[in-house]
Amino acid sequence: MSGGGGGVPGAGCSYQKFVHFALEQTRLRTSLTPHPSQGKFKSIRANEDNTVFSALSFTAPKIRLLRSLTIEQKNSVQADLLVLMVDMMMQVLDFAAFSEPEYDLPIFCANAFTSPARSIVVLDLNPLYDTTTNKDYREKYYRNLMPLAHKYTELLPWGGKITSESLKFFSPIVIWTILEPTETNHGILYSAFTDYYKAWLELMDVASRETGREAIDRNREAQHKYLTWRAEKDPGYPLLKKLIGESLAKDLVTEFLFEGVNSLGTKSFVDYFPEYARDDGTVNKKRSMMGKSFETRPWDAHGEFVGYADER
């Protein structure tokens, strides 16, 4: 494949490269221990022979959970009784790092879905607390990262309409983009991933441990709220259900991808988000229900939310 050619990136552009970088960088700064969830999901197998899952999870002194899931689906051609693997049909990266509740660190989040037609990407340091209303939190974690965001939001432009219900879990430095899956774009995305992850590690290095029970409980609930939202709204669940079956897909979401949703707190989805409750108490499954949609980046160069400026 040529350097700027189209098509899904081949083996040389695997998202495994992203995971390897993150683990190497983390080990330079702290000690990683396999998380209990790795034992169950490391050897997960898809229903289709041409699809490969790779699941890894760890803990560290300041990290409650560092986990990655990659999925690679390859096209195969039968020739002279040999099966030859050719271009990737699909690649998925779902990488996240969650701090221990004693720290109010943002959640590192990298999600990418690449098909022959496009790559859909979200890369962010998801805030524990809404940066629009919690300005001190925004100043603490994002003010110094705005130049980094400016660099990559020019190269990885806003991906189009997104609703306010999802936006509340994003930070002013979020990269939300839809790209042609070329090697050039893959290289830009890799560069953004490495820079964002190194920024998160630097924040982790200097993070101060909370000692007050109230602050720790507040951090725990904020993380649990995020996990509850993500577990309920995970856009990749239909794909997982297709590839590994409904039962294992549910386990993967609650016990691996968003591990802690069943242990960090007891509140339900509708406890946190009562606007989604039906009359019978069940959750309205409609993905986007309320609020304005934003077709362009709703933060200014300083990280101030300006999404509603046109309504004033």
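Axes here are lines fitted to C-alpha atoms, for helices over the stretch in contact, and angles run from 0 to 180 degrees between N-to-C directions. With that in hand, welcome to this predicted model. Helix α1 (residues 16-27) packs against α6 at an angle of about 20 degrees, their axes lying 10 Å apart. Helix α4 (residues 146-155) also meets α6 (residues 183-206), and the axes of this pair come within 11 Å.

**Helix α1 with α6**
- Angles under 35 degrees count as roughly parallel, and therefore α1 and α6 are roughly parallel to each other.
- The crossing in which α1 passes α6 is right-handed.
- On the α1 side, K17, F18, F21, A22, Q25 and T26 make the contact, and they meet H186, L189, Y190, F193, T194, Y197, K198 and L201 in α6.
- Sorted by class, this contact of α1 with α6 has eight nonpolar, four polar and two charged residues.

**Helix α4 with α6**
- The axes of α4 and α6 cross at roughly 160 degrees, which makes α4 roughly antiparallel to α6.
- Here α4 passes α6 in a left-handed crossing.
- From α4, the residues L148, A149, K151, Y152 and L155 meet I188, S191, A192, D195, Y196 and A199 in α6.
- This contact of α4 with α6 has eight nonpolar, one polar and two charged residues.

**Aromatic rings**
- The count of aromatic pairs comes to 29.
- One aromatic cluster is formed by Y15, F18, F21, F95, F108, Y190, F193, Y197 and W200.

**Charges over rings**
- R27 lies over the face of F58, 5.5 Å from the ring centre.
- The charged end of R218 sits over the ring of Y129, at 4.0 Å from its centre.

Notes: Residues numbered from 1 in each chain as written. Predicted model: local features only at pLDDT ≥ 70, side-chain atom pairs only at ≥ 80, totals over all residues. Heavy atoms only, no water. Helix = DSSP H or I, 4+ residues; strand = E, 2+ residues; numbered from the N terminus. Parallel < 35°, antiparallel > 145°, perpendicular 65-115°, else oblique. Left-handed = near helix turned anticlockwise from the far one by under 90°. Contact = heavy atoms within 4.5 Å. Nonpolar A, V, L, I, M, F, W, Y, C, P; charged D, E, K, R; others polar. Phe/Tyr/Trp six-rings, centres within 6.5 Å; stacked < 30°, edge-to-face > 60°. Lys NZ or Arg CZ within 6 Å of the ring centre and 35° of its normal.
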